[in-house]
Amino acid sequence: MDNSYKIKLENVTKEYDLFRTKSDKLKNFFNIGKVDVPHFWSLKGISLAIKPGETFGIIGVNGSGKSTISNIISGIIPQTTGTVDVRGDTSIIAIGAGLKKNLTGAENIRLKGLMQGLTIKEIDDVRDSIIDFADIGTFINQPVKDYSSGMRSRLGFAIAVHINPDIMIIDEALSVGDDTFYQKCVDKIMEFKKQGKTILFVSHSLSQVKMICDRVAWMHFGELREVGDTDEVISHYRQFSSSFKKKTAKERKKYQQDKKRQQIEFSIDGYQQSLINDQVEVGVEVKQAEKNIQKRMYGQVLPDKMSIATRMVVIIAILAFIFFAMVNVSGHSITKSLESPSTLIHPVQHKVR
Ligand SMILES: Nc1ncnc2c1ncn2[C@@H]1O[C@H](COP(=O)(O)OP(=O)(O)OP(=O)(O)O)[C@@H](O)[C@H]1O
């Protein structure tokens, strides 16, 4: 096994269908009729590898795809194409991520612990420590929906660091909470770093990224613009930000609109072809290159639309369900209903004595 990485993404894309109505979404799912839906590519083919024990940062402007990556790595959402290889348990800390709002804080601790494979005894052992770290006092027995965003984030952070994950994913979770809590979180992250855990750190705060991360990826409108040494990438990102700020409001708007348009017009087939061409250029035979890239892009993902065979099975299952429901309501036997289906609309009359 290749031990040079803990997390590896190859040619990962994420497409969102921008449905206008719920019925459009349903029609599209069952593959009925042609619904013309605009698409938006939140990730346009990301490949990166995070080494074991590395603290890896992701920076970028709003909407550049940072959370999409962290959610795909933590398994919250699936990628549209590409291969994702995560070697170990992940625990994501994002504002409110993974907390069930109708459960109390204490119930959430138990649920997350069980989901992470801890025994009841192990959960009970860390319970007080979590409550202490989160510092939410008697609120621990209140439903999480009644918590402030800061309390939710503190509880999420406290649970995540106590269930001892292999890989920690921290998505903007340090931006809420007071200075004392912030320092506690930083200390915990540093402790994890020392223990050699792999950390993915998504943040807008360049100073936090600089302090914590060994390497950084700069995401830009769905593309990986640069990956490398923290100081170097941050310095390039700062240069971009300051020259962007010097543009007029009209120029800034145009730049953003052009980038978003490119995310709508992105062609997945064109991207696939460019990957095949890259392989052919280095000497791989065309048929083999097509096979390799097909496997890399679609080998791990389920089709988001139903195939004809699946559609047939679903339709037969629905018809069978309706038939048995009608048999039940009509009061006739299954054999009689099969012999003479019209009896289904004439229920058995029971004589009243
Ligand atoms: N469910 C969705 N449906 C449609 N578009 C979405 C959906 N989720 C995210 N997007 C779009 O994908 C793009 C990337 O979003 P993402 O949340 O990954 O960005 P981000 O870099 O984390 O942004 P921020 O810094 O604001 O948190 C954005 O343009 C966003 O509008």
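# Ligand shell, core and helices of a predicted model

Guide: Helix α2 gives the most to the shell around the ligand, with three residues. Helices here (H or I, at least four residues) and strands (E, at least two) are DSSP runs, numbered from the N terminus.

Visitor: What kind of model is this, and how are the residues numbered?

Guide: This is a predicted model, in which local features need pLDDT of at least 70, side-chain atom pairs count only at pLDDT 80 or more, and totals for chains, interfaces and linings use all residues. Residues are numbered from 1 along each chain as its sequence is written.

Visitor: Which residues are around the ligand?

Guide: They are Tyr16, Phe40, Ser42, Gly60, Asn62, Gly63, Ser64, Gly65, Lys66, Ser67 and Thr68. A residue is taken as near a molecule if its C-beta atom, placed from the backbone, lies within 6 Å of it.

Visitor: Which elements give two or more residues to that shell?

Guide: Those elements are β2 (39–50) and α2 (66–73).

Visitor: Let us turn to the fold. How many helices and strands are there?

Guide: The protein has 13 helices and nine strands. Of its 353 residues, 31% count as buried. Buried means that 20 or more other C-beta atoms lie within 10 Å of the residue's own, exposed means 12 or fewer, and partly exposed is in between, with C-beta atoms placed from the backbone.

Visitor: Which residues have the most contacts inside the largest nonpolar core?

Guide: They are Ala158, Ile170, Ile199, Leu200 and Phe201, in a core of 55 residues. The largest share of this core, seven residues, comes from helix α5 (residues 149–162). A nonpolar core is a set of buried Ala, Val, Leu, Ile, Met, Phe, Trp, Tyr and Cys residues joined through C-beta atoms within 7 Å.

Visitor: What is Leu200 in contact with, leaving aside its neighbours within four places in sequence?

Guide: Leu200 is in contact with Ile50, Phe56, Ser70, Ile73 and Ile169. Two residues are in contact if their C-beta atoms, placed from the backbone, lie within 7 Å. Across the protein, 68% of the contacts with a separation of 6 or more are between residues 24 or more positions apart.

Visitor: Back to α5. How many of its residues are buried?

Guide: In α5, 12 of its 14 residues are buried, so the helix is mostly covered. Just after α5, Asn164 takes a positive phi of about 55 degrees.

Visitor: Why does Arg154 count as buried?

Guide: Arg154, found in helix α5, counts as buried because it has 24 C-beta neighbours inside 10 Å. The C-alpha atoms of Arg154 and Leu174 are separated by 9.0 Å, although the two are 20 residues apart along the chain.

Visitor: And Gly98, where does that lie?

Guide: Gly98 lies in the loop between β5 (90–94) and α3 (105–115). Gly98 is partly exposed, because 17 other C-beta atoms lie within 10 Å.

Visitor: How is the protein divided into domains?

Guide: The domains are domain 1 (7–88 + 166–265), domain 2 (268–298) and domain 3 (308–345), with bounds from an automatic or database domain assignment. The C-alpha centres of domain 2 and domain 3 lie 48 Å apart.

Visitor: What does UniProt list for residues 308–327?

Guide: The unreviewed UniProt entry lists residues 308–327 as "transmembrane region". UniProt positions are given in the numbering used here, feature names are shortened, and annotations may be inferred rather than shown by experiment. In the model, residues 308–327 are 100% helix and 0% strand, with end C-alpha atoms 29 Å apart.
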